[in-house]
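Work through the following exercises with the sequence and the model beside you, and try each task before you read its solution.

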Amino acid sequence: MSAHIANGMFGAVVIDPPDLPPVDRSYVLVQSELYLGPQRGAVDADGLRTEQPDAVLFNGYANQYDHDPLTARVGERVRIWVLDAGPNRAAAFHVVGGQFDTVYAEGAYRLGPDTGVGGSQALALGPSQGGFVELSFPEAGHYPFVSHSMIDAERGAHGIITVTG
């Protein structure tokens with residue numbers, strides 16, 4: 001089964017919770033692992049078995065959001081849905097310089113939009129789990145996002161949110 005998932009047998013389905021308020025921007029990121037086998041061959045079964053992916057990706061491509069960043073404007077409310085497709089590694093989605101005021105995982109709010117207190121730095125997900133975070137950016141700049149399992153960020157699970165004034 002893990003080889004099927006490692007070869008791409010996954011996808012995201014977003015089901016909004018009841019009464020989900022609108023936001024200015026919404027993105028979906030699917031984190032997955034890539035275990036390269038021989039050209040035109042099957043997945044690297046040994047790498048899969050020992051949990052040594054060649055790359056960890058958002059939406060199928062390593063580093064794509066470095067070259068084609070997500071965008072927002074100062075003060076806009078941004079919702080980022082995240083799915084950890086696995087097949088094996090946990091995800092810890094983090095926006096460097098950002099503070100999540102809403103965290104929703106596996107069908108429940110962990111941090112609510114209307115409490116006015118608290119904040120979160122990461123959305124922790126196990127394989128096949130999903131959720132979303134919300135935040136606003138107080139100033140323009142380039143805000144990196146990563147899987148905070150840093151070895152996975154170094155394998156490609158990172159990108160940039162470009163925020164303009």
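**Exercise 1.** State in which order the five strands of the open sheet follow one another, and find which strands stand at its edges.

*Solution.* In the open sheet the five strands follow the order 3-11-10-5-8, with mixed pairing, where strands are DSSP runs (E, at least two residues) numbered from the N terminus, and two strands pair if DSSP finds at least two bridges between them. Strand 3 (68-73) and strand 8 (123-125) are at the edges, because each has a single partner strand, so one side of each is left without a neighbour in the sheet.

This is a predicted model, in which local features need pLDDT of at least 70 and side-chain atom pairs count only at pLDDT 80 or more, while totals for chains, interfaces and linings use all residues. Residues are numbered from 1 along each chain as its sequence is written, and side-chain values use heavy atoms, with hydrogens and water left out.

**Exercise 2.** Describe how strand 5 and strand 8 pair, and name the bridge partner of Phe 93.

*Solution.* Strand 5 (residues 91-95) pairs with strand 8 in the antiparallel sense, over three bridges. Within strand 8, Leu 123 is the bridge partner of Phe 93.

**Exercise 3.** Decide whether Glu 134 and Ala 108 are buried, partly exposed or exposed.

*Solution.* Buried means under 20% relative accessible area, exposed means over 50%, and partly exposed lies in between (1.4 Å probe, protein chains only). Glu 134, in strand 9 (residues 130-136), has a relative accessible area of 2% and is therefore buried. Ala 108, in strand 7 (residues 108-111), has a value of 28% and is therefore partly exposed.

Note on methods
Helix = DSSP H or I, 4+ residues; strand = E, 2+ residues; numbered from the N terminus.
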